[in-house]
Amino acid sequence: MAAQISTEMNEMSNFERYERELQSSKLHWGFIHSSKFWAENVMKFESNDFRALKTLALLLNDPKSDSTTLAVACHDIGEFVTLHPLGKQKVAKLQVKEKVIELMGSTDSDFREVRREALLCCQKIML
């Protein structure tokens, strides 16, 4: 029982770390963007009317977002679409696909990673 409570506390704190990173408007690659994190926390994205997903969408549209933030946001949206039962519907309502497609076509030399993650995200949205 204690182990289960401890695990739940760690999961909650990991999601809180994720939310804090979103609030900073600066995303970085790390364990809170891993497949394990997503498998354990995808349903928590429903909290506060999908606030975390909406924040990801805002970061994609923010002209101040750097290339790493854009790449990580595309990755995370792709994970959400893949793992959440309503993922495609929620992302469609936020009109994220259009921005992801725009990022795929970026010609900026610093956006190589962004183009890659945008392509993978778009594939997940379309499939």
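These are my notebook entries on a predicted model.

**Helix H4**

I began with H4, residues 67–83. I counted 17 residues in H4 and a reach of 24 Å from first C-alpha to last. That is close to the 24 Å expected at 1.5 Å a residue. Next I checked burial. In H4, 13 of the 17 residues are buried, so the helix is largely enclosed by the rest of the structure. I then looked for a cap at its N-terminal end and found Asp-66. A side-chain oxygen of Asp-66 lies 3.3 Å from the backbone nitrogen of Thr-68.

**The nonpolar core**

I looked up the largest nonpolar core and found 34 residues in it. Tyr-18, Leu-60 and Ile-77 have the most contacts inside this core. Which helices supply at least two residues each? I listed H1 (2–24), H2 (35–41), H3, H4, H6 and H7. The largest share of the core, eight residues, comes from H4. I followed up Ile-77. Leaving aside residues up to four places away in sequence, Ile-77 touches Leu-53, Leu-56, Leu-60, Val-91, Val-96 and Cys-121.

**Helix H6**

I turned to H6, residues 96–104. Its buried residues are Val-96, Lys-99, Val-100 and Leu-103. Seen down the axis of H6, they fall within an arc of 100°, so they line one face of the helix. What covers them? I noted that the cover includes H3 (47–61), H4, H5 (87–93) and H7 (112–126).

**Cysteines**

I searched the whole structure for disulfides and found zero. Cys-74 is in none; its nearest cysteine sulfur, that of Cys-121, is 5.2 Å away. Cys-74 is buried, at 0% relative accessibility.

I placed His-75 in H4. Is His-75 buried or exposed? It is buried, with a relative accessible area of 16%. Not counting residues up to four places away in sequence, I found His-75 touching Trp-29, His-33 and Glu-117.

His-84 came next. I located His-84 in the loop between H4 and H5. What does the side chain of His-84 reach at 2.9 Å? I traced this contact to the backbone nitrogen of Leu-86. With residues up to four places away in sequence set aside, His-84 touches Val-42, Met-43, Glu-46 and Phe-50.

**Positive phi**

Last, I went through the backbone angles. Most residues other than glycine have a negative phi. I marked two residues with positive values. Ser-25, which is not a glycine, has a phi near 65°. I found Ser-25 in the loop between H1 and H2. At 36% relative accessibility, Ser-25 is partly exposed. Asp-49 has a positive phi of about 55°, although this residue is not a glycine either. Where is Asp-49? I placed Asp-49 in helix H3. Asp-49 is exposed, with a relative accessible area of 53%.

How values were computed: Residues are numbered from 1 along each chain as its sequence is written. This is a predicted model: local features need pLDDT of at least 70, side-chain atom pairs count only at pLDDT 80 or more; totals for chains, interfaces and linings use all residues. Side-chain values use heavy atoms; hydrogens and water are left out. A disulfide is a pair of cysteine sulfur atoms within 2.5 Å. Buried means under 20% relative accessible area, exposed over 50%, partly exposed in between (1.4 Å probe, protein chains only). Helices (H or I, at least four residues) and strands (E, at least two) are DSSP runs, numbered from the N terminus. Contact means heavy atoms within 4.5 Å. The arc is that of the directions from the helix axis to the C-beta atoms. A nonpolar core is a set of buried Ala, Val, Leu, Ile, Met, Phe, Trp, Tyr and Cys residues joined through side-chain atoms within 4.5 Å. The expected span of a helix is 1.5 Å times one less than its number of residues. A polar contact is a pair of N or O atoms within 3.5 Å; within protein, one must be able to donate a hydrogen and the other to accept it, and residues adjacent in sequence count only if both atoms are side-chain atoms.
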